[in-house]
Amino acid sequence: MTGRSTLNRLLLALCGLVLLGGGLLILFAGFDLYRRLDVIPPAGWPVATPHDVLVSNADRIRWSDQGWWWWPAVIAVLVLAAALALMWLLTQLRHRPGAVHLGGTPPPESVELRGRALSDAITSEARALPDVKQASARLTGRASGPRLHVALTLTDHGLPAPVLQALCHGPVAHARQSTGLAHLPTQAHLHIDRHKAHRAE
């Protein structure tokens, strides 16, 4: 399980617990189950009877009397929460496939290859290319139509054109042939490893 999958499951579990707790709280109060089951809720319990409300008039008046900054603060918090939720949603849409369908067709017609294993193989082969100092590869998109993202750090004397040709005819071509995919869209980012000039003593 990857770190992002663990974080997603924790966030979903937390949201589920909050929604479940809020729903049970309102359900118990709405059906007056505390009185029917002869259960005494703790002191200060927000909703205990069908006539209770979540935010009383006293609470609304107290917060509205805080001055001009109160409503801008509330709006800023809501905008921040919405922005974080949107960022999380966009991150999920750019997910990494856990497996790649060999041949581009879903099981049972084909065998699945773990996406992490394929990206590791591409990374290892790309690092062995001439004039490449460091390389990393990752897969995104669907299992039946993955996309490859490769980041290469060239040596200070490396030229982009020969390295790109070697990448296309080497790791990318081998990955496409080994998976049987008709197309493997690839995006490459090249960086030059710059060294500081040595001063002669």
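Trainee: Which residue in β5 is the bridge partner of L148?

Mentor: Good place to start: this is a predicted model, where local features need pLDDT of at least 70, side-chain atom pairs count only at pLDDT 80 or more, and totals for chains, interfaces and linings use all residues. Residues are numbered from 1 along each chain as its sequence is written, and side-chain values use heavy atoms, with hydrogens and water left out. Strands (E, at least two residues) and helices (H or I, at least four) are DSSP runs, numbered from the N terminus. In β5, L148 is bridged to T186.

Trainee: How many bridges pair β4 with β5?

Mentor: Two strands pair if DSSP finds at least two bridges between them. β4 and β5 (residues 186–192) run in the parallel sense, and their bridges number seven.

Trainee: Which residue in β4 stands opposite A137?

Mentor: On this side, β3 (residues 132–141) runs antiparallel to β4, joined by nine bridges. The two strands form a hairpin with four residues between them. Opposite A137 stands V150.

Trainee: Is T155 buried or exposed?

Mentor: T155 sits in the loop between β4 (146–154) and α6 (160–179). Beyond its neighbours within four places in sequence, T155 is in contact (heavy atoms within 4.5 Å) with D131, K133, I192 and D193. Buried means under 20% relative accessible area, exposed over 50%, and partly exposed in between, with a 1.4 Å probe and protein chains only. At 16%, T155 is therefore buried.

Trainee: What is the angle between the planes of F28 and Y34?

Mentor: Rings of Phe, Tyr and Trp (its six-membered ring) pair if their centres lie within 6.5 Å, with planes under 30 degrees apart counted as stacked, over 60 as edge-to-face and the rest as tilted. The structure holds one such aromatic pair. F28 is partly exposed at 30%, while Y34 is buried at 10%. Their pair is tilted, with centres 5.6 Å apart and a plane angle of 50 degrees.

Trainee: How far apart are the closest N and O atoms of R35 and D32?

Mentor: A salt bridge needs a side-chain nitrogen of Lys or Arg within 4 Å of a carboxyl oxygen of Asp or Glu, and the count here is two. R35 is exposed at 58%, whereas D32 is buried at 14%. The closest N and O atoms of their salt bridge lie apart by 2.6 Å.

Trainee: In which helix do R116 and D120 lie?

Mentor: Their side chains meet in a salt bridge at 3.5 Å, N to O. R116 is exposed at 55%, and D120 is partly exposed at 39%. The two are four residues apart, about one turn of their helix, α5.
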